[in-house]
Amino acid sequence: MESLEELSEEETPREPTSSSSPSWKLTGKEILATKTQNYFAQTKRTKNILIQVALSIGLSSIWRFPYLCHRNGGGSFILMYFFMLLLFGIPLLYMEMIMGHWLRVDNIRVWKQLIPWLGGIGYASILVCILMSLYNSIIITWSLSYLGNSFDNSLPWNQCPLVKTINVTDLSCLQTVSHQYFWYHTTLSASGHIEEGVEALVLHLTLGVFAAWCLLFLTMITGLNTSMPILIFTVFLPYILLLCFLIRGLFLEGAVASLRRMVTTELSAWASLDLWCQAGGHVLYSLGLGMGTTINFSSYKAGEDNYIQMASLVVLVNLGTSLLVTSIIFIVLGFWATTSGPTCVEMSVAKLMKLIKKGVLPQDAKPPEDILLLPALDYLEWISHLPQHLQYQVIHSTPSCSIKTQKEKVMEGPGLAFAAFSQAVALFPGSRFWAVLFFLALVIVGLNTLIRILEGIVYPLQNSISIFRRHPKLLSALVCLGGFLGSLVFTGHSGSYIMSLFDDCLVPLILTIIVAFQNVALAWIYGARRVREEIFGDLGRLLWSFFTVLWCYVTLPGLLALTTICLMQLYQTEPPYYIAWNSSMSQEVKQPYLQSTLGWVTFLSMLTFLPIPVYPLQHWWYLQDHIASDPFGKLQSKKMPLVPPKPLQLPKRHVKSQEGNSESSSKKLSLPLIRGLNLNPWQFSLSLSRNSQSSSWFSLPVITSVTSISSVRSVSLPISRQVSPASTAIDNSDQHTETKEEERHENSVQ
């Protein structure tokens with residue numbers, strides 16, 4: 001993914017200057033320069049689109065969507081998700097994109113400029129990014145674990161793992177699919193429930209988390225210069241692999257039935273509140289809404305884009321990727337269900353007879369002739385009575401299928417994608433090569449997702465705290481060290497269950513409330529109509545009125561209803577559940593969360609929303625203390641009359657093509673405002689801090705100048721946040737007229 005600093009340092013190509021002379025009078029150099037400028041502008045636009053697409057191909061599409069879809073009924077979840085994408089996803093994503101492009105500031109300063117007393121929304125977004133970065137790092141660790149095991153001579157998840165002593169308990173691997181057994185026993189070393197094994201850490205997971213954060217730290221201090229070929233390779237490699245898996249999976253047994261089940265919709269499932277909560281939360285999660293990353297990216301990205309098309313493209317790519325991955329996983333699940341039970345016993349017996357006939361296995365390993373007529377578990381009992389050396393040979397000669405008759409839902413937990421893709425990789429010739437390639441791509445996708453989340457933490461803090469601007473490496477060290485220590489809670493034997501608690505209950509609730517605050521702040525407190533008028537005056541484009549209607553009357557009531565549903569699901573009489581592993585039965589079971597566990601969700605939620613009420617209190621306390629210590633300033637402010645506001649007039653349509661023009665215009669507008677308005681010290685210091693140049697790092701943009709819209713908003717009245725550009729222009733013209741009249745009066749007196 002391209003670094004933020006490089007994006008900010010790249011200059012936007014100048015628009016070809018308009019000339020009254022016809023095109024046939026242009027010289028050859030001018031025509032070549034015009035073509036070059038158009039080429040670079042188109043290249044920049046293509047690069048921006050590829051970056052947005054790369055960000056949308058994240059862990060949310062490859063890892064999270066498939067297991068949520070499988071858990072919530074397949075087609076019913078897909079239809080609900082598509083419905084919410086249209087009504088919530090596109091309008092809210094467009095809202096964050098246009099806010100960042102309009103104000104050209106980071107996620108914290110956006111809300112300080114629009115509604116100062118709601119400036120804590122940006123800090124709440126940073127806290128939710130911290131929570132998401134913690135459990136996203138363990139997903140990268142799982143990918144690293146599978147990548148390391150892919151270099152073995154034979155893929156370890158294709159067969160039951162080697163054991164020192166063979167007994168009935170170890171034969172439990174044959175009761176389930178070996179890929180699922182490998183996930184719970186080898187990768188996770190999972191405990192039976194969430195309260196067990198918290199204090200004990202799994203060594204290879206701890207080392208994997210350390211390696212993941214070291215990679216992130218190296219990325220932050222060096223900054224990766226992503227060229228166009230590397231960006232194209234990063235975007236299209238996952239799609240090439242996924243298409244290969246899909247084509248191969250279509251030839252498996254039960255593939256058609258699995259795809260039919262995936263698209264089957266039961267309208268009765270829409271009565272489930274859990275379905276609404278899961279689908280709505282995933283819309284916000286997958287598009288990065290409420291985290292501030294979209295606002296940050298749009299604020300430093302150069303060029304003029306059609307953000308309606310951009311938001312629609314991101315949503316379509318996200319949906320298409322999710323459906324492609326889900327199709328592959330449902331095909332694998334159908335294959336598991338088809339080859340389980342008596343079919344698995346028949347396949348195992350046939351393979352044993354071939355090996356005995358070839359002389360690979362002795363005659364003592366020959367199963368009874370009537371074994372196929374007996375229940376499937378009798379085959380497992382026959383293996384348990386064999387000598388130990390024969391048990392070892394028979395177990396590792398049987399195919400990777402389940403002796404027990406499996407239902408359609410063979411696996412429901414968050415490791416579904418890893419178990420299913422490990423099965424898909426094993427179906428190819430040269431499976432080691434495909435395994436290395438796929439899990440390497442999965443690691444890259446996970447790192448891209450986590451880097452995007454960390455940008456939502458680092459970029460605003462660098463712009464807001466001076467010590468981090470002077471010592472940027474200190475911020476990266478603190479973020480990575482804190483992230484590593486916080487991620488250790490997910491490396492225990494019950495770490496996957498704690499991760500499910502964060503992913504299912506905590507993060508969707510927090511994102512929904514934060515986005516609801518953003519929506520009500522922009523659409524109702526600041527005013528959707530006012531936003532539409534000011535964007536027209538500043539950017540020269542008129543927002544589509546349909547989106548302002550959606551912000552006011554569709555997305556906001558929907559977000560409030562979604563918040564109510566999530567709270568009801570969390571604190572209802574029957575608590576939510578998580579998927580745990582029962583080693584004695586070799587299958588997944590549903591375990592309810594204890595009230596003490598849900599108490600942590602309440603505590604972390606309140607901690608995340610704490611900046612929203614604390615920020616206005618701190619602002620009020622600072623103002624009261626400053627006014628009490630400076631009574632002369634208070635008296636002076638009373639004597640200075642306010643400039644009466646002029647009626648708002650829509651300016652003529654214009655487009656700002658150069659930041660230098662906007663910078664010069666900001667100086668012209670800020671001087672009369674500073675002289676004529678009653679400023680409190682906090683607002684004046686805030687305006688100075690916004691205009692100060694700061695060195696930026698971790699590929700973060702250096703904001704060396706503030707556009708005219710930023711300078712106008714930084715000088716605010718206590719009641720009204722800003723004076724519109726139209727009224728400012730009128731005030732400037734009036735002052736210029738008054739100055740001329742005074743000079744004429746002095747000349748006449750002389």
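Residues are classed here as buried when their relative accessible area is under 20%, as exposed when it is over 50%, and as partly exposed in between, with a 1.4 Å probe and protein chains only. The structure is a predicted model, in which local features need pLDDT of at least 70 and side-chain atom pairs count only at pLDDT 80 or more, whereas totals for chains, interfaces and linings use all residues. Residues are numbered from 1 along each chain as its sequence is written, and side-chain values use heavy atoms, with hydrogens and water left out.

The protein contains 29 helices and 2 strands, these elements being DSSP runs numbered from the N terminus (helices, H or I, at least four residues; strands, E, at least two). Of its 750 residues, 54% count as buried. The accessible surface comes to about 33,400 Å², of which 64% belongs to carbon and sulfur atoms; accessible areas come from the Shrake-Rupley method with a 1.4 Å probe, and for residues only the protein chains shown count as cover. With contact taken as heavy atoms within 4.5 Å, residues 24 or more positions apart account for 83% of the contacts that have a separation of 6 or more. Asn 318 lies in helix 13 (residues 307–338) and, at 0% relative accessibility, counts as buried.

The structure holds 1 disulfide, the term being applied to a pair of cysteine sulfur atoms within 2.5 Å. This disulfide joins Cys 344 to Cys 401, with an S to S distance of 1.9 Å, and the link is right-handed, with 75 degrees about the S-S bond. The pair connects distant parts of the chain, 57 residues apart, with Cys 344 placed in helix 14 (residues 342–358) and Cys 401 in the loop between helix 16 (388–395) and helix 17 (416–426). Cys 344 is buried, with a relative accessible area of 1%, and Cys 401 is likewise buried, with a value of 6%. As for two further cysteines, Cys 129 counts as buried at 0% relative accessibility, whereas Cys 244 is partly exposed at 26%.

Nonpolar cores were defined as sets of buried Ala, Val, Leu, Ile, Met, Phe, Trp, Tyr and Cys residues joined through side-chain atoms within 4.5 Å. The largest such core has 179 residues, and those with the most contacts inside it are Leu 114, Trp 142 and Phe 421. Helix 21 (residues 495–539) gives the most to this core, contributing 23 residues. When neighbours within four places in sequence are left aside, Phe 421 is in contact with Ile 62, Leu 242, Phe 245, Val 325, Ile 328, Ile 329 and Phe 438.

On the surface, a nonpolar patch is formed by Trp 117, Trp 524, Ile 525, Val 549 and Tyr 553, with about 550 Å² of accessible area together. Patches are made of residues with over 30% relative accessible area and no salt bridge, like charges being joined within 9 Å and nonpolar side chains (Val, Leu, Ile, Met, Phe, Trp, Tyr) within 5 Å. Helix 21 and helix 22 (545–570) each supply at least two residues of this patch. Val 549, located in helix 22, counts as partly exposed at 41% relative accessibility.

A salt bridge was assigned where a side-chain nitrogen of Lys or Arg lies within 4 Å of a carboxyl oxygen of Asp or Glu, and by this rule the count comes to 5. Among them, Arg 109 pairs with Asp 106, the closest N and O atoms being 2.9 Å apart, and both of these residues are buried. Helix 21 also carries charged pairs: Glu 533 and Arg 529 form a salt bridge with closest N and O atoms 3.6 Å apart, and because they are 4 residues apart in this helix, they are separated by about one helical turn. Within this pair, Glu 533 is partly exposed at 25% relative accessibility, whereas Arg 529 is exposed at 69%. The side chains of Arg 530 and Glu 534 meet in a further salt bridge (3.2 Å, N to O), and both residues lie in helix 21, 4 residues or about one turn apart. Here Arg 530 counts as partly exposed, at 27% relative accessibility, and Glu 534 as buried, at 8%.
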